[in-house]
Structures are given as structure tokens and as C-alpha cells.
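I opened a new page today and wanted to get to know this chain from its atoms alone.

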Amino acid sequence: MLRFFKSIFGSKRKLGGVPESLVKAAIERAVDGTDPWIRAVSSHKKKLRPAVLHAIDHVISLVDQAGPPVTLNRKSYDSDPLLRSFFISAAELERFLEKDPALAQLRQRKGAEGTAYGLLLMEKRERATLGAEVSGEVVLRDVPQVSVSFESHRLLDVSLAEDETRYQLKRRAYDHLLEIALGMITETKTRRGRLEKHRALLQSKLSLLHRGGWGFDENDGEKMDVGELEGKLAQIEAQLLEIGKEDKVLDVYLALVADVLGRAERHIWTVREAVVVDRMGIKRKEAAGGAVELPLQVMGDSQGRRRVVALVAVAL
């Protein structure tokens, strides 16, 4: 399977040019990574095929549009505005490179030398603060400012070749889409389970009312009659119908997977953002007086996660 995926996400592959054998491998990965029971759905491969092809093209474009690697090097810290912003000091950068587990594991490999590549992920924080500013010859105190910092640094898919790292990132992005689809399936199953339990409880109570002709109190003290119970049951039945009838629930799960993969750009994306900061990490309106504009690449997904990302190179 991994060999198949390397063929799909290889750097020389053109968009839309996936051999059928590799498409089948990608479909199998989509099924295994979400709900294997959807194999029972008639023509599930045919239904997934266009969505899988769309997702493959999307993740390839997503990774290929990343710019050249940024060199993480203490010597270039003072001259590189990105490094000065990403790390509060050259010492912090050096500690990160020394302690990162992926880099440490790579260094332990026999014959590992040269340059390592990986994807640096960070959280961008903007905090309101008070500081000093110079206006003409006057120093103003307690001026409202916004400080920009980058935290929770980590490296992903570290390797000794840039092409290898990009391949791993494409595979990771595809698997991330499957993770999102699996989460939606799990949420649907949970919701369906709660509704079915509630329906069974109300049906039991309704049966008691029909047999005995008497009312009863809910736990909250609210008295309920037959009409109220039947109304609540109707609501639950309608909600269950939205999710899918029991004999069609696998079709619903398959549709969820196809929808996520077929609209991959709505579930994982990158955007370019620019922020202007000075050497103290204070946000400014324009690049002037020592403040520079930082070109950032931000990766987001439909689950609300946002990270600043950068392809990086590290000398071993």
C-alpha cells in the first residue's frame, strides 16, 4: 500500500494521471481508514472513484504550492526576519533543533548526514499589551500594542530528501481527509444511537399509557400525555430519517466519505497571510522603521484547526 501511495504522490506525476491500479489502492485506503463496512454497499468503488481522484489532485497541489525550504540555522538567525519571528532567540532555535524527536531519531540512523527536510508547524498568538512608542522626540508610555509570537513548534515528516518529505506530506494530507470523514461517521453513529435509545424509551412510555390509560411524571416533574409522546416520537423519527434508515445507513456513511474527498478543498487548505512586525515582535501597520512584512503560510481544516506551516531544511 505504501509503495502504491508513493507512486501516486511522486513528484513527477501529473494531475489526473493516476493509473487504475493506484486509484484502486487509494480507494481501499479510504475504506480501511473510515468504515470497512461500506464495502457492503453496491458499487462503492464506482461511487468513491471520482471523489478519490479529486482528493489526490487537491493534496498534490496543496503540497506542491509550498515554497522552497526555509533554512533553520542559528548563524542566519539575526539576518532572517522569519527566524527571528518564529523563535524568540537564537538559543531557543538551537534548543529546538537539538531536542526535536524527529531530528534526534534521524541523527541516530547510520550514515545520516547532510540536510534534513520537514514541515514546521506552529501556533501564531496575538496578545494585547501595553508598551512604549516614540512620537517625534516624545516617548509615549502605556501605548496599546499587539504582540505576535509563534508557539508549540514541531516538525513532521522529517527525511533526508525534500522530495521524500513532500511525498509524506501528501500522504498525510490524504489521510487527514480520511480522519475528518471518520469523525463525521462517528458523530453520525453517536447521534443515531442516542436517538434510537430515546425513541425506545418514549415508545415504552407510550405503550404504558395506551395499556393503562393513565399519566405519569417525567424526571423533571412535567406531566406528559399520549399526544405529547407521539409528537416527540415523530420528531425523533424525522431526525432518524435525515440520518438514514437502518437498512441504508451504510450508504449514508459512504456518502460522507465521498463528500469529504470530493470537496477536499473545503476540509483542508492553505492560505497565504502577511503580518508586519518589528524586531520586538510588535504588530505594525506597515513595513517601516525596522518593521518587516512576514509572508506566512497558514494551514486550516474544517475542524477549526489553524497552524502556521513552513517547509524547512536543517543541517545535520
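**Ground rules**

I am working with a predicted model, in which local features need pLDDT of at least 70, side-chain atom pairs count only at pLDDT 80 or more, and totals for chains, interfaces and linings use all residues. Residues are numbered from 1 along each chain as its sequence is written, and side-chain values use heavy atoms, with hydrogens and water left out.

**Entry 1: the whole chain**

I looked up the secondary structure and found 9 helices and 8 strands. Both are DSSP runs numbered from the N terminus: helices are H or I with at least four residues, strands are E with at least two.

Next I asked how much is buried: the answer is 41% of the 316 residues. Buried means under 20% relative accessible area, exposed means over 50%, and partly exposed is in between (1.4 Å probe, protein chains only).

The accessible surface comes to about 18,000 Å², and carbon and sulfur atoms hold 51% of that. These areas come from the Shrake-Rupley method with a 1.4 Å probe, and for residues only the protein chains shown count as cover.

I also checked contacts, meaning heavy atoms within 4.5 Å. Of those between residues at least 6 apart in sequence, 68% join residues at least 24 apart.

**Entry 2: the largest pocket**

How much space lies in the largest pocket? I noted about 530 Å³. Its lining has 25 residues, and L119, L121, R172, I268 and M299 are the closest to the centre. Two or more lining residues come from each of α3, β2 (115–135), β3 (138–159), α7 (162–212), β6 (268–277), β7 (292–301) and β8 (306–315). Helix α7 gives the largest share, 7 residues.

I sorted this lining by class and got 12 nonpolar, 4 polar and 9 charged residues. Ala, Val, Leu, Ile, Met, Phe, Trp, Tyr, Cys and Pro count as nonpolar, Asp, Glu, Lys and Arg as charged, and the others, Gly among them, as polar.

A note on method: on a 1 Å grid over the protein atoms alone, a pocket is an open set of points where a 1.4 Å probe fits, with protein on both sides within 12 Å along at least five of seven lines, and lining residues have an atom within 4 Å of a point. Points are joined across faces, edges and corners, and the volume is the space filled by probe spheres set on them.

**Entry 3: the second largest pocket**

This one has a volume of about 270 Å³. I found 17 lining residues, with R84, S85, R279, M280 and G281 nearest the centre. Helix α4 (81–86) and strand β3 each supply at least two, and α4 has the largest share with 4 residues. By class the lining has 10 nonpolar, 4 polar and 3 charged residues.

**Entry 4: the cores**

Nonpolar side chains tend to be buried together in soluble globular proteins. A nonpolar core here is a set of buried Ala, Val, Leu, Ile, Met, Phe, Trp, Tyr and Cys residues joined through side-chain atoms within 4.5 Å.

The largest core has 34 residues, and those with the most contacts inside it are L48, V52, I56, Y174, L177, V257 and L261. Helices α2 (20–32), α3, α7 and α9 (249–262) each give two or more residues to this core. Apart from it lies another core of 29 residues, including L82, F87, A116 and M122.

I then followed L261: beyond its neighbours within four places in sequence, L261 touches A30, A51, V52, H54, A55, Y174, L177 and L178.

**Entry 5: single residues**

Is H44 buried or exposed? H44 is buried, at 8% relative accessible area. It sits in helix α3 (residues 44–64), and its contacts beyond four places in sequence are V31, I38, R39 and L254.

Most residues other than glycine have a negative phi. I found D142 with a positive phi of about 55°; D142 is in strand β3 and is exposed, at 59%. S152 also has a positive phi, near 55°; S152 is in β3 and is partly exposed, at 46%.

Last, I looked at R125 in strand β2, partly exposed at 35%. Leaving aside neighbours within four places, R125 is in contact with S147, V148, S149 and E151.
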